[in-house]
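Please keep the sequence and the view open as you go through them.

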Amino acid sequence: MYPEPGDVHRTRVNVRFFTRRAVASDEEQAFWEANVRFTTRVVFEEDFGQQQDIHRELRCGLMPEVVYGRNEPALIHHHTEVEKALGGTRKLSAA
C-alpha cells in the first residue's frame, strides 16, 4: 500500500499472491485459486469499503479513536510500531 502522490486521502494498492513452491498438481492449483478469489473478495468488497468509511469518520472528527478487534493483530502491531517510530509511548491493544 502506498499513499497516492499528491493526495494524502488516497492509497494505491498492489496485491500479489505467492506460494512457497511451484504448484505441483491441479488440486493445489484449485486450492490456491480459491484462496485468491476468497481473499480478493474479502479485501476489495469488504475491507476497502469499511476503510473508506473509517477514514471519512476519522477525518471529520465523528470517531475520536479506533478500537481494533482481536482478529486484527497485524494492524495493532503496525500502528504500535508507527507510534514508536514517531516517538510516542502509547501501546495499542485489542478490545
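1. Which residue takes a positive phi just after H1? That residue is Gly-61, with a phi of about 90°. Please keep in mind throughout that this is a predicted model.

2. The helix H1 itself covers residues 26-60, and its 35 residues, at 1.5 Å a residue, should span 51 Å, which agrees with the 50 Å between its end C-alpha atoms. Along the way H1 has a kink of about 30°, and this kink is centred on Asp-47.

3. Strand S1 (residues 2-4) pairs with strand S2 (residues 7-12) in the antiparallel sense, over three bridges, and Tyr-2 has Arg-12 in S2 as its bridge partner. Two residues lie between the strands of this hairpin, where Gly-6 takes a positive phi near 85°.

4. Arg-12 also forms a salt bridge with Glu-4, in which the closest N and O atoms are 2.5 Å apart. Arg-12 counts as partly exposed because its relative accessibility is 44%, and Glu-4 is partly exposed too, with a relative accessible area of 22%.

5. The structure holds five salt bridges, among them one between Arg-41 and Glu-46, whose closest N and O atoms are 3.4 Å apart. Another joins Glu-81 to Lys-84, with 3.0 Å between the closest N and O atoms; both residues lie in helix H2 (residues 73-85), three residues apart, which is about one turn of the helix.

6. Val-15, Phe-17 and Phe-44 make a nonpolar surface patch of about 280 Å². Of these, Phe-17 sits in the loop between S2 and H1, and Phe-17 is partly exposed, at a relative accessible area of 41%.

Methods: Residues numbered from 1 in each chain as written. Predicted model: local features only at pLDDT ≥ 70, side-chain atom pairs only at ≥ 80, totals over all residues. Heavy atoms only, no water. Pairing = 2+ DSSP bridges. Helix = DSSP H or I, 4+ residues; strand = E, 2+ residues; numbered from the N terminus. Expected span 1.5 Å × (residues − 1). Bend = angle between axes of the 7 residues up to and from the residue. Patch = residues over 30% accessible without salt bridge, like charges linked within 9 Å, V, L, I, M, F, W, Y side chains within 5 Å. Areas by Shrake-Rupley, 256 points an atom, 1.4 Å probe, with all protein chains shown as cover. Salt bridge = Lys/Arg side-chain N within 4 Å of Asp/Glu carboxyl O. Buried < 20%, exposed > 50% of the residue type's maximum accessible area, 1.4 Å probe, protein only.
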